[in-house]
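Here's a quick briefing to read with the model open in your viewer. Start with the overall fold, then zoom in on one helix.

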Amino acid sequence: GAGGRIASEELARQNSDPYKLIVIPEYGPGWDPRLSLKFSDFQPIASLATSELFIYVHKDSPYETIEELLSSLKSEKDVTIGTLGPIDGGEAFKWDLIKQGAGIDKLNFVPMEGASEGLTAVLGGQIDTTLGVLPLINDYIKTGEVRVLAVLSEERSKDLPDVPTLKESGVEVAFHRYTGIWTGGDVSAEVVNYWAENLEEMTETDTWKTFLKNRGLSPYYLNTEEYTKLIEEEGIEFKKYLEDLEK
């Protein structure tokens, strides 16, 4: 509930329990200066999976390419962007990175309650563009109802090889939506190592690989050190974004 906040607060209250784990999308709690939660209340264990993010528009959109969309955003046309959650959320933060990388002055966000609502708004013409993952939009790509302009990963998608990366348009921004497992900040190193080793073993099983394939996810295992470094790098930037919003 509340974007995982309730679960995060529960874990922070019982942060020495070696049996309490939480699934965290991207950089997770602890970076919002308005909340009582601190990053030190938690310990990242491992990253497990990721999904590619795509910028897409309606089939009848005037934007045929990512360059045309970025050009329109730069010219301060009233282009509407659907975001998963409010402007202080992770998706709006990603669009802000695109804004900086592309030299755009401002963006016109339309907060959505979920990714499905964003898709519905694109299909209905209420917004111009949004981000989506392949499991959500793939059927609409096949029927030609949406047009994918770019993928936000470092390399082109194996599933949509004709779709360019954002970097190919000259915008040096790349990211994806990774998911991992955290535990409480007062749990011992031995417990963290136990979970990390077992999670890594799990990711090598056929059952796990089938699980990812059925959900349109890609394997993305990072050990505790690698995963924590990634979270800290992005989390610090996200915190700066939130502080700028407050100003």
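A quick term before the details: "buried" here means under 20% relative accessible area, with exposed set at over 50% and partly exposed in between. Keep in mind that this is a predicted model. The protein chain holds eight helices and nine strands. Its radius of gyration is 19 Å, close to the 18 Å from the globule rule for 247 residues, so the chain is as compact as a globular protein of that length.

**Overall packing**
- Along the principal axes, the C-alpha atoms of the protein chain fill a box of roughly 55 × 45 × 30 Å.
- By the cut-off above, 45% of the 247 residues count as buried.
- Take the contacts between residues at least 6 apart in sequence: 76% of them join residues at least 24 apart.

**Surface and charge**
- The chain carries 24 positive and 44 negative charges, and their mean positions sit 2 Å apart.

**Zooming in on helix H3**
- H3 covers residues 90-102; at 1.5 Å a residue its 13 residues should span 18 Å, which agrees with the 19 Å between its end C-alpha atoms.
- Because 10 of the 13 residues of H3 are buried, the helix is largely enclosed by the rest of the structure.
- The buried residues in H3 are Gly90, Glu91, Ala92, Phe93, Lys94, Trp95, Asp96, Ile98, Lys99 and Ala102.
- Just after H3 comes Gly103, with a positive phi of about 75°.

Conventions:
Residues are numbered from 1 along each chain as its sequence is written. This is a predicted model: local features need pLDDT of at least 70, side-chain atom pairs count only at pLDDT 80 or more; totals for chains, interfaces and linings use all residues. Side-chain values use heavy atoms; hydrogens and water are left out. Helices (H or I, at least four residues) and strands (E, at least two) are DSSP runs, numbered from the N terminus. The radius of gyration is taken over C-alpha atoms; the globule rule is 2.2 Å times the number of residues to the power 0.38. Buried means under 20% relative accessible area, exposed over 50%, partly exposed in between (1.4 Å probe, protein chains only). Contact means heavy atoms within 4.5 Å. Lys and Arg count as positive and Asp and Glu as negative; His and the chain ends are not counted. The place of a charge is taken as NZ of Lys, CZ of Arg, CG of Asp or CD of Glu. The expected span of a helix is 1.5 Å times one less than its number of residues.
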